[in-house]
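Here is a chain to read alongside its model. The questions below go through its packing, pairing and charged contacts.

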Amino acid sequence: MAIESVIEAGVSAGMNGISPEDILFEEISVDMMSPEMVISETDDGGIVIDIDPSEMEEEDVEFDSNLADYCEEKVLKEVSSELLSMCGSDKQSRKDWEETYIKGLDQLGMKIQDRSTPWPGACGVQHPVLAEAVVRFQAQTITEIFPNAGPVKIKMIGRMTEEKEKQSLRVKEYMNYLITEDMPEYRSETEKMLFNLALAGSAFRKVYWDPNMGRPCSMFIPAEDLLVSYGEMRKLQVSGFYRDFELSEAGSDLSDIQEKYDDLTGDSPGFTSDNRHTVLEVHVDLDLEGFEDMKDGDPTGIALPYVVSIDKGSGEVMAIRRNWIEDDSFKQRRDHFVHYEYLPGMGFYGFGLIHLIGGITKSATSLLRQLVDAGTLANLPGGLKARGLRIKGD
C-alpha cells in the first residue's frame, strides 16, 4: 500500500504537463513504517520521510554540547537521584576522617580562647608547634615551585636542534606569562593549597576553562569537597554552559569543616545577599539513555565518562558533558584534577601534620597551660583566714 500523498503529488505533476512515467515512485509499505517515522512536506511540494529521527538528532548534537538540553526530564531526574545518593554515601564514608581533621584544626591556635575551667581566666594559649611547621612548609615550598623567573621549566627529549630550542623557549615564555600575568589567582591559590596540604595531607587543584573570564583557571580545591564556585549562575545559564531553568532560592549548605573554618577566621557567609548556590560537579561513568555507546549499530551497555552538574538545592541537572576527547576511539576519561599528597597514606587521602604531630601538639599545649596556670597560682596573693587566728599585719 503506497502513501497517498506521494500518489497525489504524482497526479498533480501529470496535470502540469509531466507524464506519470517521467516520475519515479517508490512505494513504502505499511510494514516499513514505524511510530517514530516523521513525514514532512517541503516548500516545492515534495515530502521528506525520516525513518529514524532519534538517530538524526543525536548526530546533530555537537560534541561539546550540554547533553542535558537533549535528554528527557525523566532521564534527568533518574540521573540526579542516583548521583545525589552516591554523593551522600561518599560523604558519610569519610566521616571519621572529617572528625579527625576538625579536631586537628583546633590545635592551630588561630583563635584566642577564654577558658572558664578550672577557673575563669585560666590559660588558653596554644603551643605553636603545629602552626609553625605548616607555615615553614608553605614558605619553603612556594619559593621552590614559584621562583622569580616563573614556575614553568622546559625539558627537551631527543635530539636537540636550534629550531626545537627556540620553540621550547617560546612555550616557556608564553606559559610563564599566562600563569603570572593572565592568571593572577594562580599564586594565591597555590599558597592556600600548600597550607591545606600540610594540614590535611591531601589537596587538589582543578584546571578548567572559565567561560565568564574567557581564559583557563587554576583553582585550589580543599580535600573535604570538590565543589567549585563558577561565579554568576544566571550568566552561565544564558551563555548555554548550564541548562536554563528556574533556580530555587539560595540556602545554607555548609559542611562541618567549613563551619570550623568560619569559626577560626570569624567569617559568616551571607547566602541571601549573594544568591549563592551549591553545585555538585560529579565525574562519573554513565550509560546515558539516548547517547549510548554503540558498536555495529547496537548499544554495548558500556558506561561512558561524563561530567554532571547538579543544583543541590533543587536536585535539577544543570549540565551533562562528555568527558573524553572527541577523536578518542577508546573514550578514556579526562582528568581535570591534580591530587597532591603531603605523605602518601594507606587509602585515598594522604597524611598531614595533623596526623603526624597532632598528638604532640595537644600534649605540648597541655604542659604549657599547666606551667602558666602554676605560675599564676604561685603569684596570686590569696589564702585562708580562720576565725580567731591572729596574724601580724593582718
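Contact here means heavy atoms within 4.5 Å. The model is predicted, so local features need pLDDT of at least 70 and side-chain atom pairs count only at pLDDT 80 or more, while totals for chains, interfaces and linings use all residues. Residues are numbered from 1 along each chain as its sequence is written, and side-chain values use heavy atoms, with hydrogens and water left out.

Q: Which residues does Ile-320 touch, not counting residues up to four places away in sequence?
A: Ile-320 is among the residues with the most contacts inside the largest nonpolar core. Such a core is a set of buried Ala, Val, Leu, Ile, Met, Phe, Trp, Tyr and Cys residues joined through side-chain atoms within 4.5 Å. Buried means under 20% relative accessible area, exposed over 50%, and partly exposed in between (1.4 Å probe, protein chains only). Beyond four places in sequence, Ile-320 touches Ser-65, Asn-66, Leu-67, Ala-68, Leu-76, Leu-288, Tyr-306, Val-307 and Val-308.

Q: How many residues does the second, separate core have?
A: Trp-97, Leu-130, Leu-199 and Ala-200 are included in this separate core. Its residue count is 20.

Q: Against which strands do the buried residues of helix 3 pack?
A: Those buried residues are Val-75, Leu-76, Val-79, Ser-80 and Leu-83. They line one face, because they fall within an arc of 125° seen down the axis of helix 3; the arc is that of the directions from the helix axis to the C-beta atoms. On the other side, Lys-77, Ser-81 and Gln-92 are exposed. The buried residues pack against strand 5, strand 8 and strand 9.

Q: How far apart are the end C-alpha atoms of helix 6?
A: The expected span of a helix is 1.5 Å times one less than its number of residues. Helix 6 (residues 162–182) has 21 residues and should span 30 Å. The model agrees, with its end C-alpha atoms apart by 29 Å.

Q: What covers the buried residues of helix 6?
A: The buried residues are Ser-168, Asn-176, Leu-178 and Ile-179. They cover an arc of only 155° around the axis, so they sit on the same side of helix 6. The face turned away from them carries exposed residues, including Glu-162, Arg-170 and Tyr-174. The cover over the buried residues includes helix 7 and strand 4 (215–221).

Q: Which residue in strand 4 is the bridge partner of Tyr-208?
A: Two strands pair if DSSP finds at least two bridges between them. Strand 3 and strand 4 pair in the antiparallel sense over 7 bridges. They form a hairpin with 4 residues between them, and Gly-214 in the turn has a positive phi of about 70°. The partner of Tyr-208 is Cys-217.

Q: Which residue of strand 10 stands opposite Phe-204?
A: Strand 3 is mostly covered, with 7 of its 9 residues buried. It runs antiparallel to strand 10 (residues 337–341), joined by 5 bridges. Opposite Phe-204 stands His-339.

Q: Where do Glu-281 and Lys-206 lie?
A: The two form a salt bridge, with the closest N and O atoms 2.6 Å apart. A salt bridge is a side-chain nitrogen of Lys or Arg within 4 Å of a carboxyl oxygen of Asp or Glu. Glu-281 is buried at 11%, and Lys-206 is buried at 4%. The pair ties together parts that are 75 residues apart in sequence, because Glu-281 lies in strand 5 and Lys-206 in strand 3 (residues 202–210).

How values were computed: Helices (H or I, at least four residues) and strands (E, at least two) are DSSP runs, numbered from the N terminus.
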